[in-house]
Each structure stands twice: as C-alpha cells, then as structure tokens.
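Me: I've just opened a new structure and I'd like to learn how to read it. Could you take me through it step by step?

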Amino acid sequence: MRHIITISKIVMKESFRDRIFWGLLIFLGLFLVFSVYVSSLSLNTAARFIINFGMLGISIVCLTVSILFGMYSLYREKERNELYVLLNRIPRPAYILGRFLGTSYVIIIFSVIAAGAIFLLAWIFGQRIAPELFWASYWAVLEFTMLTGIGMVFYALGISFTLNSLMLLAAYLVGHSMTEAIQSFIGLGQLGSKAHLVLVKFLSYILPNFDMFDFRLAIVHAETLPAGQVLLVTLYWFCYLAALLLISSALMKKQDV
Amino acid sequence: MLNTENLTKTYKGREGAIHALDNLNLRVEDGEIFGLLGPNGAGKTTTVKMIMGFMAPTHGEIVFRDKKLAMAEPRPQFGYLPESFKPNPNLTVGEYLSFHNELAGSAVDPEQLDKQLRLVGMDRFKQRRVSDLSKGMGQRLGLAQAFAGDPDFLILDEPTSGLDPIGRSEVIDLLLSVNSQGKTIFFCSHILSEVERLCDRIGILVEGRLQFVGRVEEFLKKWQAENLDEGFRREVKCVTS
C-alpha cells in the first residue's frame, strides 16, 4: 500500500508541473466563458445551457486527462527507461495501481474544479443554485476512472500509445451507445433465437457501459435520482473497475517489459 | 554470488527463431567488479533484463546467494541503472532522489539526501529541475538512485554513457570507491578502456554466446593483445567470420 500511495503522489505532482495540466485548465475556463456567452443568447434557459455545456466541458477535459496523464505519462516513463528502475523496487501490480490512483486524483481535481465553476456561473448568470452539479462531478469521476482502467489493460497488453488512445476513444464511444445498442439487439434477439439474446446480454456485461453514468438530462432538469439507481451504478463501477485492475495487474506480471 | 544457469532467450522472428541468448552460465562473486562486454546485439541488455526479472528466460534460471530469483518480482537487493536512462523531468533532483529512497524504504532525512547527492557530485543541483540537467548530470542522478536503499550489489547497464571524459573518469573513481566498501558491481559497457581500468573479471558475449570469462590479463594473453580493445576486436572477428 505504501508503494501505491508513493507512486500516486508522484503522478499527481508531475501532473501539476506539466504544461498540459495548466493548458487543460485554461481550455476549461475558455469553454465555460464561451458557454456563458452563448447562454446569454437564449431566453430564460441560461442556467440550463451553462450546466449542459459545462458538463460537456467536464467530459472533454476528463477524457483528455485519462489519455494524456493516464496513458501518455505511462508510455513516457517506459521510453525514458524509468519504468525499469521503478519495477526494480516495487511489485508490478503496485505500479499499475499507483499510476491508476494518481490519474484518478487528477480526474477528481478537474471534475470538482469544473463542477464548482459551473455552479458559480449558473448562480451568477442563470440565477439558479444547482447543488446537483456535484453529482455531475461524481459521475464524471466514475466514468473516467473506469476509462483509465480500460487504458491500463491495453497498456498491460503491450500495445502502443497511439493504438491505446484510439482504442480508448473507441471504447468511450461504444460505451456511450451501449444502452441503445443493447435495446436494439435485444429486439433482434427476441425475433431471432434465444442464443442471440444470451449472447447480447453476455456482451452487455463484458463491454463497458458508459451510458450508465450519463445523468446529464436529470442534472440539467434538477431531477432527483433514486438512491437505488445511484447505488447500483456505483456497484457496477466498482466491480468493473476492480476486474479491470485485476486483469491489468495479472497481465503486467506475465509480460516482458 | 550471482549465478545464471543455462540462461536462454529465444524470440520468434519472421524467419524462424532468434537466439538472443544461448545457454549463458555466468558467476559473479561477491565483492568483485564484473564487466560484460559485447558488440551491439550480443545479448548484454537481454541478460541484464532477465537478471532483473523484466524478461522471462525461455529456459534456465538465475540464482542469487543460493536463492532462485522469480520472474517479474522486484529486486530490492540490487541497485540498478538501465541503459539510456532519463529520470523524471518534472521533479527536482532532491525530490527525485527522495522518491526513490521512499520506494527503497530507506530514511530520507535531508542530511542523508545531501550525502547521497554529494557522492555523485550533484549536491549543488538539489533544487534544480531534472528537465534542466545535462545528459551527463542525468546519468549521475541515475547512479544516485541506484545507490538508494544502500544495496550491496549494483547492476549497471552502460553507466558512463553520455558522460564527457572527466565525468567518465569521476564515475569510474566512484565505482572503484563503492567497490572498496564491499559492494559488488556487474556492468555492461562498450568503453573498453574503462572496463580495463575497472574490472576484476570480464565476460565476452558475442551473438548470444559467452566466448570468454576470466581476468583481463588472461584475455589479453589469449589473444596476445596489448590492450582490451585489440583483443576484443580479434575475439569478435573470430566468432563472426
């Protein structure tokens, strides 16, 4: 555990000192300023507009964090041969978990900062106090830590950074079409054989379902989410992430580095 | 004592199997400086990576002080410096070394840190960002991290690469000094003059096979050469022709 914490702290420290971190903060700021400007053109829906647009900003920034801080820094460490020095001192699973935890801290920081900024903007320019925005931050953390976990599996498989990034983007897009895809496949399955249905249900458990974390509409319209649903989605995230981290740790132990 | 027993690494290539390392039997005694030499692609780095557990041998095993070493396990008993090493550029020199001390589980009080940096001539640069260091200074920092945790067995892959002649000489003096304190050094190098100055024994690896193990004088006698460079060229030419 000591090793995991040490690695995660160093990941966070190096992220703060990376120009990309500040670049992303500036991007987020500009994105939110733009959302305020555009919302001023709408009639009586400024707050909704700022919240909706702002949540899109959180997604873009967290996706970039996941790929750049989560994945790129991992590959950079390998290129510099620093990976070998670290693996000389700590077990491979501790390295994977430490890097994951460090990236998760950065995702948490960005999503909380963004949610706080959107909260203030919606209050100032839209006259709406929207505490539900902190749920948006919670869902973003769950979604993008899971994406980072998927990236860790790809990394442990030994694939290149470019391919890893493309596959992560693909996983993100596929994961956001899951509900629709499952429903249409289930429809097909009912028309076809039972085997189809079983296969589709099996795939829906195996493939990442990022739609589970998409509560944008509920947050924009200030709807309260049922506690059962929140628990269920959190449980899904926990189990899926635990499986991803176990797989990546096991793969790392088997691979030549 | 470090032993490799029939250590073999075979890759699957497009034109069949590639034998990167073929039945390597090597013994490094405690307290000695052992240099592994060979031309590019001879299998030196593969040997080091297998000893360090980064690569699984196709067959064979590595035994350290009567204990078989498992693949993919950390080796805190070894201080290690990989080839073409570049430390984390986003940290300062002091932070970087403290980080490695922390991972090695050793005390990280400022005095000890200064002492470690002084050992490699880096104490003046404690607050400097690693990204602002020259290649040579980065290499010295790499050596400093290899000493973290005070291991008594050092495995160094091209420890003087990127250093100017003065820096190289200082590193050799440093390695001789740590060896005199009882530390064992196993290293790979292309720079034969430093090998000649440093090593108690050498191993010559060509095309994955160990061609010679013994004292430098024995090697020179074998080829009736005046220096290691001449003998090495004859050995490689004899194997490859």
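Predicted model: local features only at pLDDT ≥ 70, side-chain atom pairs only at ≥ 80, totals over all residues.

Me: Where does Ser165(A) sit in the secondary structure?
Reply: Look for helix H7 of chain A, residues 161–175; Ser165(A) is in that helix.

Me: And is Ser165(A) buried, exposed or partly exposed?
Reply: The idea is to count other C-beta atoms within 10 Å: 20 or more makes a residue buried, and 12 or fewer makes it exposed. Ser165(A) has 18, so it comes out as partly exposed.

Me: Let's zoom out. How many helices and strands does chain A have?
Reply: Chain A has eleven helices and zero strands. Read along the sequence, the pattern is α-α-α-α-α-α-α-α-α-α-α. The radius of gyration of chain A is 20 Å, close to the 18 Å from the globule rule for 257 residues, so chain A is as compact as a globular protein of that length.

Me: What are the spans of chain A along its principal axes?
Reply: The C-alpha trace of chain A spans about 60 × 55 × 30 Å. As for the inside, 41% of the 257 residues of chain A count as buried.

Me: Now for helix packing. At what angle do H2(A) and H5(A) pack?
Reply: Start with the angle between the two axes; under 35 degrees counts as roughly parallel. Helix H2 (residues 19–39) and H5(A) pack at about 25°, with their axes 11 Å apart, and are therefore roughly parallel to each other. The crossing of H2(A) past H5(A) is right-handed. On the H2(A) side, the contact is made by Leu24(A), Leu28(A), Leu32(A), Val36(A) and Ser39(A), while the residues on H5(A) include Phe110(A), Ala114(A) and Leu121(A). By class, that contact has ten nonpolar, two polar and no charged residues.

Me: What about H5(A) and H11(A): at what angle do they pack?
Reply: Helix H5 (residues 92–126) and helix H11 (residues 227–254) of chain A pack at about 135°, with axes 8 Å apart. H5(A) and H11(A) are therefore oblique to each other, and their crossing is right-handed. Among the residues making the contact are Ile96(A) and Phe100(A) of H5(A), and Leu245(A) and Met252(A) of H11(A). The contact of H5(A) with H11(A) divides into six nonpolar, two polar and two charged residues.

Me: How is H7(B) packed against H8(B)?
Reply: In chain B, helix H7 (residues 216–223) and helix H8 (residues 228–240) pack at an angle of about 60°, with axes 9 Å apart. That makes H7(B) oblique to H8(B). H7(B) passes H8(B) in a left-handed crossing. Val216(B), Phe219(B), Leu220(B) and Trp223(B) of H7(B) meet Leu228(B), Gly231(B), Arg234(B) and Glu235(B) of H8(B). By class, this contact of H7(B) with H8(B) has five nonpolar, one polar and two charged residues.

Me: Last one: how many residues from each chain take part in the contact between chain A and chain B?
Reply: Chain A gives 21 residues and chain B gives 24. Helices H1 and H4 of chain A each supply at least two residues of the side that touches chain B. The largest share of that side, six residues, comes from H4(A). By class, the side of chain A touching chain B has seven nonpolar, four polar and ten charged residues.

Notes. Residues numbered from 1 in each chain as written. Chains lettered and ligands numbered in written order. Axes fitted to C-alpha atoms, helices over the stretch in contact; angles between N-to-C directions. Helix = DSSP H or I, 4+ residues; strand = E, 2+ residues; numbered from the N terminus. Parallel < 35°, antiparallel > 145°, perpendicular 65-115°, else oblique. Left-handed = near helix turned anticlockwise from the far one by under 90°. Contact = placed C-beta atoms within 7 Å. Nonpolar A, V, L, I, M, F, W, Y, C, P; charged D, E, K, R; others polar. Rg over C-alpha atoms; globule rule 2.2 N^0.38 Å.
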